[in-house]
Amino acid sequence: MLRLAIQKSGRLSEDSLQLLRDAGIYLSSSPSRLLRTQATNFPLELIFVRDDDIPEYVEGGVVDIGIVGENVLLEARKDVETVERLGFGKCRLSLAMPKNTPYSGPESLQNLRIATSYVRILDNFLREQNIQADIHEISGSVEISPSLGLADAIFDIVSTGSTLLANGLREVATVLESEALLVAHPVMAAEKRDILDRLLFRIHANRNAKNHRYILMNVPNDQLDHIAALIPGMKSPTVLPLQQPGWSSLHSVIPETVFWDVLEQLKAAGAEGILVVPIERMIL
Ligand code: PRT
Ligand code: ZN
């Protein structure tokens with residue numbers, strides 16, 4: 001049995017549960033009020049906690065794995081292994097100042113008072129930049145501290161930036177790009193490592209599927225080689241004869257990132273009846 005800690009209620013909760021659902025893992029009871037539950041069809045126990053506690057629980061072996069924001073993990077400085085970047089909970093840790101305060105680089109922060117909940121990450125950044133500043137630790141509502149006269153600048157999480165804007169602040173420097181991480185206790189029994197590998201296999205199959213499209217199209221035979229060369233496929237494409245002489249059906253899988261470019265090229269090269277289909281699961 002592998003024990004996983006996820007955030008009980010907050011920005012990472014729903015995506016963490018969705019990750020498990022996508023991996024075909026179902027829970028024995030709805031997590032809304034429970035603090036722990038088990039999967040019905042996978043050797044996994046879930047515990048629901050505050051995100052700030054997750055690094056310590058994983059380091060201490062209270063749980064084997066956890067899902068936590070990189071910002072929280074770096075601030076906690078716990079000895080855990082990052083096994084996977086999960087691609088959700090994206091945000092950045094940035095410095096922000098009142099919108100009319102001039103900023104021409106980190107040296108503009110010299111001797112200022114900076115409010116933050118991320119003291120260690122900020123301290124590290126200021127050291128690297130050789131800046132002396134006065135760090136004020138605040139546990140929440142950091143964005144209002146300049147307007148209260150408590151600080152000259154803040155260092156906090158930004159996502160859309162609308163909270164900064166609403167508080168008359170502007171982002172002046174990004175220090176960390178963060179996302180949710182799957183982290184693990186550094187030493188794990190072989191049996192637990194096997195369960196973790198099975199979970200990762202499922203996560204990768206889903207991610208690959210999401211990042212690719214299955215495409216099929218009709219191609220005149222004299223254009224087959226040319227068109228096949230345009231497709232950045234997995235291996236070589238599948239080619240099947242059509243009933244109509246001189247034509248074939250060509251199937252392949254292409255990365256989502258190049259998808260529109262490739263589609264235009266295929267059309268220009270004479271492909272017809274192009275179909276693009278989502279992929280449910282993909283094992284490379
Ligand atoms: O109760 P618990 O301690 O578990 O939760 P929490 O309140 O500490 O954390 P929570 O749920 O707010 O965030 C959990 C994690 O989500 C964070 O540690 C980040 O890794 C990630 N995340 C992603 C964010 C945001 N986006 C985000 N926008 N965390 C906080 N915010 C805040 C931001 O600071 C701002 O005040 O949301 C506000 C809105 O942001 P804008 O820029 O969109 O206006
Ligand atoms: Zn928290």
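## Model and domains

Helices and strands here are DSSP runs, numbered from the N terminus; a helix (H or I) has at least four residues and a strand (E) at least two. In those terms, S141 lies in the loop between β8 and β9. The model is predicted.

Domain 1 is made of two segments, 2-88 and 179-208. Domain 2 covers 91-178. Domain 3 covers 211-278. The centres of domain 1 and domain 3, taken over C-alpha atoms, are separated by 39 Å.

## Helix α4 and its buried face

Helix α4 runs over residues 119-128. Its buried residues are I121, L122, F125 and L126. Seen down the axis of α4, these buried residues fall within an arc of 130 degrees, so they line one face of the helix. An α-helix has 3.6 residues a turn, so residues three or four places apart point the same way.

What do the buried residues of α4 pack against? The partners are one helix and several strands: α3 (70-76), β6 (91-98), β7 (113-116), β8 (134-137), β9 (153-158) and β10 (169-178). The face turned away from the buried side carries the exposed residues R127 and E128. After α4 comes N130, with a positive phi near 60 degrees.

The model holds 14 salt bridges. The general idea is simple. Side chains of opposite charge can pair when their charged atoms come close.

D64 forms one of these bridges with K192, and their closest N and O atoms are 3.0 Å apart. The pair links distant parts of the chain. D64 is in the loop between α2 (54-60) and β4 (65-69), while K192 is in helix α6, 128 residues apart from D64. Are the two partners buried or exposed? D64 counts as buried, because its relative accessibility is 9% and the cut-off is under 20%. K192 is partly exposed at 24%.

E81 and R193 also meet in a salt bridge, 3.1 Å from N to O. E81 sits in strand β5 and R193 in helix α6, 112 residues apart. This pair, too, links distant parts of the chain. E81 is partly exposed, with a relative accessible area of 29%. R193 is partly exposed as well, at 25%.

## Other charged pairs

E70 and R85 join their side chains in a salt bridge of 2.8 Å, N to O. E70 is in helix α3 and R85 in strand β5 (residues 81-85). The two are 15 residues apart, and the pair counts as linking distant parts of the chain. E70 is buried, at 12% relative accessibility. R85 is partly exposed, with 39% relative accessible area.

Salt bridges also form a network, which links R3, R36 and E45.

## L200 in helix α6

Helix α6 spans residues 190-210 and holds L200. Is L200 buried or exposed? L200 counts as buried, because its relative accessibility is 11%. Leaving aside residues up to four places away in sequence, L200 touches E84 and L182. L200 and E177 are 23 residues apart in sequence. In space, their C-alpha atoms are 23 Å apart.

## A nonpolar surface patch

Which residues form a nonpolar patch on the surface? I144, L148 and L150 do, with about 270 Å² of accessible area together. L150 is found in the loop between β8 and β9. L150 is partly exposed, with a relative accessible area of 43%.

## Positive phi in the loops

S141, in the loop between β8 and β9, is not a glycine, yet has a positive phi of about 50 degrees. S141 counts as exposed, because its relative accessible area is 53% and the cut-off is over 50%.

N111 is another non-glycine residue with a positive phi, here about 65 degrees. N111 is found in the loop between β6 and β7. At 60% relative accessibility, N111 counts as exposed.

Definitions and conventions: Residues are numbered from 1 along each chain as its sequence is written. Chains are lettered from A and ligands numbered from 1 in the order in which they are written. This is a predicted model: local features need pLDDT of at least 70, side-chain atom pairs count only at pLDDT 80 or more; totals for chains, interfaces and linings use all residues. Side-chain values use heavy atoms; hydrogens and water are left out. Buried means under 20% relative accessible area, exposed over 50%, partly exposed in between (1.4 Å probe, protein chains only). The arc is that of the directions from the helix axis to the C-beta atoms. Contact means heavy atoms within 4.5 Å. Patches are made of residues with over 30% relative accessible area and no salt bridge: like charges are joined within 9 Å, nonpolar side chains (Val, Leu, Ile, Met, Phe, Trp, Tyr) within 5 Å. Accessible areas come from the Shrake-Rupley method with a 1.4 Å probe; for residues, only the protein chains shown count as cover. A salt bridge is a side-chain nitrogen of Lys or Arg within 4 Å of a carboxyl oxygen of Asp or Glu. Domain bounds come from an automatic or database domain assignment.
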